[in-house]
Amino acid sequence: MTTPSTTALWLVGARGSVATTAAVGALAVGAGLAARTGLVGDAPELAPAGLPDLDRFVLAGSDIGGVALPKRAALLAEDGVIPAHLPAVLADALAEVEARIRPGIAPGHGAAAEQVRRVRDDLVDLQQRTGVERVVVVNVASTEPPVADDPAHASWPALRRALEAGEDVLPPSALYALAAFEAGASFVDFTPSAGARLPAVAQRAEEAGLPWAGSDGKTGETLVKAALAPMFTTRQLRVRSWAGVNLLGGGDGATLADPSAGLSKTRSKSRGLQAALGYPVDAPVHIDNVPDLGEWKTAWDHISFEGFLGTRMTMQFTWQGCDSALAAPLVLDLARLTARAHERGFSGPLGALGFFFKDPAGSGEHRLPQQWDALVAFAADLGAGQLGAGR
Ligand SMILES: NC(=O)c1ccc[n+]([C@@H]2O[C@H](COP(=O)([O-])OP(=O)(O)OC[C@H]3O[C@@H](n4cnc5c(N)ncnc54)[C@H](O)[C@@H]3O)[C@@H](O)[C@H]2O)c1
């Protein structure tokens, strides 16, 4: 007898590199066909949380284009992002997920309120058809430019009035977040886009008693920064400057080549360092699109610091990562943790998930060891069954 699935994971940007790698990973690991390396949720310290395993998830999502999931998986295998044999082995399962991918929210295609209703209905319909107990929406769509301030963003009543008046005041990421909350789903933003961070959208989550988490998965250079910055502070070495250069390709590289989308990313990458160090520091971040690199990303960081008697020194590191292979397990970890928080009745921004994010919502903590401690404490709360609010 099979165990019933309890959660649907709805991926926004379902045919992108990160989403496809996450889908292949969930299906392969869930079926015992691949190792679980890289899944933070498997750490013994998080065992008290009682996280749902990957075979308990039904995968679905939305996208505004892209090639069908089985084909996208084959392309990722050709690039060496996922094992070469998996697309063929998982062909039927990937085709089933593809059949559950719905058209996404495209800017300028219909009134915003109508788009929210459509996605809300898709989420409710999926839940009813599959019998899952809850839905977690995870945004892994292309990064959007920063949003301009609008009075409608300030509160949920103001936003509701603007949407009812037919005004187009939200970017797609925020419309997806709103649709999730309207459908009783929880929401995770793995991108630096606005998502649920606009006060009006966050208020809607509070009103509905639903948890959400964000923003911008911490997978590479920023992860290393969050680990190294506390070393400098505890060793009483003063960082003078910290410059980072990022070379990346793939769909993300092409998106971030647009200066306005790139600005969302560089802002998100820059936010944590000052908080982690405890003092302001000159820390320019630069991103270049190099299509030849495909799914691989190189980051080079140059850290200038001073020690005893003001003696100046430098540290440099080079990080070469396969972006989607780093991001996908974190997407699955976030889905498992948010599903469990949703089940336990937590609501509001899950600041304790800051370990996973460059720009954590609901927490000002950017030091990796402290973020880990907060995550372990959260896992204990999830397991203890305490009903949380705004944790
Ligand atoms: N890979 C990493 O390490 C990492 C880390 C942090 C954040 N991210 C973020 O994850 C996101 C996805 O990255 P990727 O490499 O998979 O990019 P990608 O370009 O391969 O995929 C993005 C997908 O989003 C879809 N999309 C665009 N607008 C949409 C909309 N309005 N509705 C639904 N779908 C839409 C595109 O059609 C595409 O299929 C990016 O925003 C990226 O910044 C990635």
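Buried here means under 20% relative accessible area, with exposed meaning over 50% and partly exposed in between, using a 1.4 Å probe and protein chains only. That makes eleven of the 14 residues in helix 1, which is therefore mostly covered. Please keep in mind that this is a predicted model, where local features need pLDDT of at least 70 and side-chain atom pairs count only at pLDDT 80 or more, while totals for chains, interfaces and linings use all residues. Residues are numbered from 1 along each chain as its sequence is written, and side-chain values use heavy atoms, with hydrogens and water left out.

Helix 1 runs over residues 17-30 and reaches 19 Å from its first C-alpha to its last, close to the 20 Å expected at 1.5 Å a residue; the expected span is 1.5 Å times one less than the number of residues. Helices (H or I, at least four residues) and strands (E, at least two) are DSSP runs, numbered from the N terminus.

Leaving aside neighbours within four places in sequence, Thr21 is in contact with Leu76, Val81, Ile82, Ser324, Ala325 and Ala328, where contact means heavy atoms within 4.5 Å.

Now to the ligand. Around it stand 28 residues, the closest being Val18, Asp63, Ile105, Ala141 and Tyr176; a residue is near a molecule or strand if one of its heavy atoms lies within 4 Å of it. Oxygen atoms of the ligand lie 2.7 Å from a polar backbone atom of Ala141, 2.8 Å from an N or O atom in the side chain of Thr143, and 3.3 Å from a polar side-chain atom of Asp323. On its own the ligand has 850 Å² of accessible area, and the protein covers 91% of that, by the Shrake-Rupley method with a 1.4 Å probe. Helix 1, strand 2, helix 7, helix 10 (250-256) and helix 12 each give two or more residues to this shell. By kind, the shell divides into ten nonpolar, ten polar and eight charged residues.

Helix 7 (residues 172-182) also holds Ser173, which counts as buried because its relative accessibility is 1%. The side chain of Ser173 reaches the backbone nitrogen of Ala194 at 3.5 Å. Not counting residues up to four places away in sequence, Ser173 touches Asn139, Glu144, Phe187, Asp189, Ser193, Ala194 and Gly195.

Finally, some backbone geometry to look up. Most residues other than glycine have a negative phi, and most peptide bonds are trans. A cis peptide bond joins Gly214 and Ser215, with omega about -5°. Ser215 lies in the loop between strand 6 (211-213) and helix 9 (221-234), and Asp216 lies in the loop between strand 6 and helix 9. Asp216 has a positive phi near 70° without being a glycine, and it counts as buried because its relative accessibility is 1%. Leu309, in the loop between strand 9 (296-306) and strand 10 (312-322), has a positive phi of about 65°. At 75% relative accessibility, Leu309 counts as exposed.

Note on methods: A polar contact is a pair of N or O atoms within 3.5 Å; within protein, one must be able to donate a hydrogen and the other to accept it, and residues adjacent in sequence count only if both atoms are side-chain atoms. Ala, Val, Leu, Ile, Met, Phe, Trp, Tyr, Cys and Pro count as nonpolar, Asp, Glu, Lys and Arg as charged, and the others, Gly among them, as polar.
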